Amino acid sequence: AEEDADPEEKARRALVAQYRGIWVFVEQTDGEAARVSWELLGKGAELATKLGVELCAVVLGDRVEHLCQEAMYYGAHKVYLVDQPVLLHYRTYPYLDALCHLIEKYRPEVVLMGATGLGRDLAGAVATRVGTGLTADCTGLDIDENRNLMQTRPAFGGNIMATIMCDRFRPQMATVRAHVMTLPERRPIASGSIVHETLPINEALVFTKVLEVIRENRGNQVDIAGAEFIVSGGRGMMSKENFGILQELADELGGVVAASRSAVDAGWMPAERQVGQTGKTVRPKIYLACGISGAIQHLVGMQDSDLVIAINRDPQAPIFEVAGYGIVGDLFKVVPAITSYLREL
Ligand code: FAD
């Protein structure tokens, strides 16, 4: 087949052959890694096995060497480390320079990042500079028979799932949201190698300065993304006050209250509690959906929960298709009944 290939195809194959390995960018703030980075190492290990290549992590920052060990605990065979004062706080340009330098030198075939604020900023800038493609917010990653990364994500407002490939350019780049991939088990021992790189960049070459860091006051904000039990309400809740019955049930379960976009748009719940395509992705042990129809944009954010229980008065509601248990009925009767049953236990 090699002799028959047209010149364009030959050139493509020659380019692709120069790139090897799966890279995961380890996002950190103040030396603490974002959980999504470890989730990506779990997925990356699977892809690396299919390709028969190394799984590598990339750590950028100032005094962040401890994260190299941590990346090995989560499965990295090799860690590229750039540890310089200029990388203390995230700024696009020094991080962009550092990551592009590593990519150009070591040529990975896949680069994965979390679809966080930082990851979205950096991934787009890197893809543009190295001249490759980027698929944002992937929900699935796999390898095809030609070593291409198949990147699946919702498209057209979530009405279809599109599988996107970047077969002519390398590296293949994707961002993935937190909680979409499973967190791998932390291995008992960390083994692997660290490749230290020093870059010719310093403050004089960076146009932005961080003058002060003001921490967001998260007060009593709740992080639904890490919750084990979620009681979620939709338009069927009818009012903000009615969410009180969900809070009572959540308190009994030791869980948190979340919402569909309709409920958030109505002002019944704050935006950080929204589950779905434009909200958060959650993976609790139990997701109890109350008065939520199950639109695809909602499902993509919660369908990987261990168990979905749906309460809806419409037996045709699509939420029942992803539910392990379904209760067809009036949530205003069913929810308080479950709460009082749990209180009596
Ligand atoms: P509805 O679809 O109106 O469903 C209400 C349900 O409550 C119905 O099934 C009804 O039978 C039931 N019900 C009513 N009263 C009772 C009762 N007393 N007892 C029991 N059941 C009752 N949506 C999200 O959730 N998250 C997203 O991130 C998101 N992103 C989007 C992004 C885009 C680009 C677009 C186009 C849409 C997005 N949406 C998102 C909106 C989504 O399409 C749906 O409109 C939304 O999820 C519907 O919310 P809902 O299920 O609460 O309301």
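**Ligand site**

I began with the ligand and found that 25 residues surround it, the closest being R235, S260, T278, S293 and N312. I took a residue as near a molecule if one of its heavy atoms lies within 4 Å of it. I note that the model is predicted, that local features need pLDDT of at least 70 and side-chain atom pairs pLDDT 80 or more, and that totals for chains, interfaces and linings use all residues. Residues are numbered from 1 along each chain as its sequence is written, and side-chain values use heavy atoms, with hydrogens and water left out.

I then looked up individual atom pairs at the ligand. A backbone N or O atom of V275 lies 2.8 Å from a ligand nitrogen atom. A polar side-chain atom of Q297 is 2.8 Å from an oxygen atom of the ligand, and one of N312 is 2.7 Å from an oxygen atom of the ligand. On its own the ligand has 980 Å² of accessible area, and the protein covers 78% of this. Accessible areas come from the Shrake-Rupley method with a 1.4 Å probe; for residues, only the protein chains shown count as cover.

I recorded which elements give two or more residues to the shell: helix 7 (261-265), helix 8 (296-299) and helix 9 (331-344). Helices (H or I, at least four residues) and strands (E, at least two) are DSSP runs, numbered from the N terminus.

**Backbone geometry**

I next checked the backbone for a cis peptide bond and found one joining R170 and P171, with omega about -5°. P171 belongs to the loop between strand 10 (160-164) and strand 11 (172-176). Most residues other than glycine have a negative phi, and most peptide bonds are trans.

D30 has a phi near 50° and sits in the loop between strand 2 (28-29) and strand 3 (32-33). H179, also not a glycine, has a positive phi of about 75° and is placed in the loop between strand 11 and strand 12 (193-196).

Which of these side is buried or exposed? I classed D30 as exposed, since its relative accessible area is 53%, and H179 as buried at 9%. Buried means under 20% relative accessible area, exposed over 50%, and partly exposed in between (1.4 Å probe, protein chains only).

**Serine contacts**

I located S232 in strand 13, where it is buried at 0% relative accessible area. Its side chain makes a polar contact with the side chain of Y287 at 2.8 Å. The S232 side chain also reaches the backbone oxygen of A258 at 3.5 Å. A polar contact is a pair of N or O atoms within 3.5 Å; within protein, one must be able to donate a hydrogen and the other to accept it, and residues adjacent in sequence count only if both atoms are side-chain atoms.

I found S239 in the loop between strand 13 (229-233) and helix 6 (243-253). S239 is buried at 17% relative accessibility, and its side chain reaches the backbone nitrogen of N242 at 3.2 Å.
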